[in-house]
Amino acid sequence: MDQIKTSQVISPFPGHYLPLMAMSKSTKNFRFLAGYVFDTQQVNSTRYNQIPAVARDASSSRHYKYSYQSRLLDQNHNIHSSKKKSAELHPLPMASISHFTIFTSLLVLFSVLHPGLATTRKLAALVQEQPLLLKYHNGPLLKGNVAVNLIWYGNFSASQRSIIVDFLDSLNSGKAPSPSVSSWWETTGTYKGGPCTVALGNQVLDENYSLGKSLKMIQLVALASKAGHGYNSVNLVFTSADVAVEGFCMSRCGTHGSGKGKTGKFAYAWVGNSLSQCPGQCAWPFHQPIYGPQNPPLVSPNGDVGIDGMIINLATVLTGTVTNPFNNGYFQGSAEAPLEAVSACTGIFGKGAYSGYPGEVLVDETTGASYNAFGINGRKYLLPAMWDPRTSTCKTLV
C-alpha cells in the first residue's frame with residue numbers, strides 16, 4: 001500500500017482570509033492582536049467560530065499558517081471592535097496596555113509633527129514584519145526534464161482541459177509575448193539545481209467517477225498512481241466541480257505531496273474545481289470572497305471562473321512540488337505546514353497588492369478580463385507571485 005505524505009497549500013483566496021492549514025502542535029507562538037495575546041498553540045484545537053470577531057474580521061497583508069479548524073491571523077490587521085472574548089485569547093495585563101497606549105500616543109504626536117512619516121509607515125510602524133526567507137533543507141528538487149502526467153477525474157469539457165494543458169505547455173515555451181508564462185516559470189530555475197523543463201506525459205481520463213464523488217486524501221494518491229511512478233515526474237490529479245474531496249474548501253484548494261510505491265518515491269499534486277462548492281475561497285479574485293470587503297471580482301481571462309481559479313492553485317502546487325517535492329526542499333516554517341515558493345506570496349498578483357487587493361494587473365480592452373501573463377495559442381492567465389531566492393522577495397510579472 002502506498003505511503004502518503006502531504007504538504008498542504010495556502011489558497012490564494014481573498015488575500016486576507018486564508019484557507020485552513022495543518023499546524024505543528026509543537027509550535028509556540030504568541031502574537032499581539034487588538035489588546036490580546038494570541039496563543040497559536042492553544043487555538044490549534046479551537047474552532048474558528050470561537051475566535052472573537054475582533055480577530056476573525058481583521059484583514060492582513062502578510063499571512064500565517066492556519067490550524068486545521070482555526071483561522072490564525074496576521075500582524076498587519078485593520079482591527080474592528082468586539083466585546084466577545086475566548087479562553088484562547090488572553091487580555092494583556094493593564095501595565096502592558098498602559099505602556100502600549102503611551103507609546104501609541106507618542107507615536108501619534110510625533111506623526112503630527114512629521115506627517116510624511118505617518119503616511120509612509122502607518123500601522124507598520126507599530127509592528128516589525130518578519131523577513132521573507134525560504135530555507136533550503138538540503139533535500140532533492142525536481143530539476144532538468146520533468147514529465148507531468150495528468151489524471152482527469154470527473155466531468156471536464158474539452159475546452160476546460162485545453163485551458164489547463166495550454167498553461168502547462170506555456171511553462172517552457174518561448175513563443176508567447178512578454179510578460180509570459182515561461183518568464184514566470186523561469187524563477188524556479190534560480191533555486192538550487194538549475195532550470196526545470198516541464199513536458200506533458202501520460203493523460204488518464206476517469207469520467208465514470210471510479211471512486212465515487214466523495215474522495216479521501218488517500219484516494220487521491222491512488223488516482224495519482226494510475227499515471228505510473230516514473231523518475232523525475234509529477235502526477236497531477238484534477239477533480240471536477242461535482243467532486244467533493246476531504247478538506248476541500250475547508251482546509252485546502254489544492255495540495256501536493258509524495259507517495260511511495262514499488263518503484264520508490266513519486267511526487268503528486270491535486271487541484272479541484274471550486275466553482276459549485278467554494279469559488280469565494282478557491283477562485284478569488286475571480287469571485288467575491290466569503291468574508292471581508294465585497295469588491296467587484298476580476299473578469300477571468302479564459303471565461304471560466306472555476307478553471308481560471310484552478311490555474312492559480314495549479315501554479316501554486318506545481319511550483320511547490322518542484323521546489324519542495326519531498327518535504328525537505330525550500331520552505332519556511334514547519335515541515336508539517338510549510339510556506340513554499342508561491343504559498344509564501346499568497347494573494348499577490350501585481351504591483352501594489354495588499355489585503356483583499358490583488359495588485360495592478362493587465363486588462364483586456366475588449367473583454368475586460370484581468371491577466372498578467374501570456375501563454376501559447378493566444379491564452380492569457382493570472383499567475384500568483386513567486387518567491388525569488390536572489391532577492392528574498394515575492395516577484396510579480398507586472
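Let's start with the cysteines. Number the bonded ones in the protein chain in sequence order, and the pairing reads 1-3, 2-4, 5-6. Keep in mind that this is a predicted model. A search of the whole structure turns up 3 disulfides. A quick reminder: a disulfide is a covalent bond between the sulfur atoms of two cysteines.

Take them one by one.

Cys 249 pairs with Cys 278, and their sulfur atoms sit 1.9 Å apart. The angle about the S-S bond is -75°, and this link is left-handed. Where are the two ends? Cys 249 is in the loop between β10 (244-245) and β11 (254-261). Cys 278 is in the loop between β12 (264-272) and α8 (279-282). So the pair ties together parts that are 29 residues apart in sequence. Are these two cysteines buried or exposed? Cys 249 has 9% relative accessibility, so it counts as buried. Cys 278 has 3%, so it counts as buried too.

Next, Cys 253 and Cys 282. A disulfide joins them, S to S 1.9 Å. The torsion about their S-S bond is about -80°, so this disulfide is left-handed. Cys 253 lies in the loop between β10 and β11, and Cys 282 lies in helix α8. So this pair ties together parts that are 29 residues apart in sequence. Check the accessibility. Cys 253 is buried, with a relative accessible area of 1%. Cys 282 is at 3% and counts as buried.

Now look at those two pairs together. Cys 249 is in the loop between β10 and β11. Cys 253 is in the loop between β10 and β11 as well.

On to Cys 345 and Cys 394. Their disulfide has an S to S distance of 2.1 Å. The torsion is about -90°, so the link is left-handed. This pair links distant parts of the chain, 49 residues apart. Cys 345 is in the loop between β13 (330-331) and β14 (362-363). Cys 394 is in strand β19, residues 393-395. Cys 394, at 24%, counts as partly exposed. Why? Because buried means under 20% relative accessible area, and exposed means over 50%.

Cys 196 has 2% relative accessibility, so it counts as buried.

Let's step back to the whole chain. The protein chain has 9 helices and 19 strands. It has 398 residues, and 53% of them count as buried. Now take the contacts with a separation of 6 or more. Residues 24 or more positions apart account for 73% of those.

So what is inside? The largest nonpolar core has 47 residues. Which residues have the most contacts inside it? They are Phe 167, Leu 168, Leu 236 and Phe 238. Several elements each supply at least two residues of this core, among them β6 (144-153), α5 (158-170), β7 (196-206) and β9 (233-239). The largest share, 8 residues, comes from α9.

Zoom in on Phe 238. Leave aside its neighbours within four places in sequence. Phe 238 is then in contact with residues including Leu 150, Trp 152, Ile 164, Val 271, Met 310 and Leu 314.

Now a helix pair. Two packed helices are described by the angle between their axes and the distance between the axes. Here we take α5 and α9. Their axes come within 10 Å and cross at roughly 35°. The crossing of α5 past α9 is right-handed. Who meets whom? From α5 come Gln 160, Ile 163, Ile 164, Phe 167 and Leu 168. From α9 come Ile 307, Met 310, Ile 311, Leu 314, Ala 315 and Leu 318. Sort the residues of this contact by type. There are 10 nonpolar, 1 polar and no charged.

Stay on α9, residues 305-323, for Thr 319, which is found in this helix. Is Thr 319 buried or exposed? Its relative accessibility is 0%, so Thr 319 counts as buried. What does Thr 319 touch, leaving aside its neighbours within four places in sequence? Thr 319 is in contact with Trp 184, Trp 185, Thr 188, Ala 341, Val 342 and Met 386.

Methods:
Residues are numbered from 1 along each chain as its sequence is written. This is a predicted model: local features need pLDDT of at least 70, side-chain atom pairs count only at pLDDT 80 or more; totals for chains, interfaces and linings use all residues. Side-chain values use heavy atoms; hydrogens and water are left out. A disulfide is a pair of cysteine sulfur atoms within 2.5 Å. Helices (H or I, at least four residues) and strands (E, at least two) are DSSP runs, numbered from the N terminus. Buried means under 20% relative accessible area, exposed over 50%, partly exposed in between (1.4 Å probe, protein chains only). Contact means heavy atoms within 4.5 Å. A nonpolar core is a set of buried Ala, Val, Leu, Ile, Met, Phe, Trp, Tyr and Cys residues joined through side-chain atoms within 4.5 Å. Axes are lines fitted to C-alpha atoms, for helices over the stretch in contact, and angles run from 0 to 180 degrees between N-to-C directions. A crossing is left-handed if the near helix is turned anticlockwise from the far one by less than a right angle, and right-handed if clockwise. Ala, Val, Leu, Ile, Met, Phe, Trp, Tyr, Cys and Pro count as nonpolar, Asp, Glu, Lys and Arg as charged, and the others, Gly among them, as polar.
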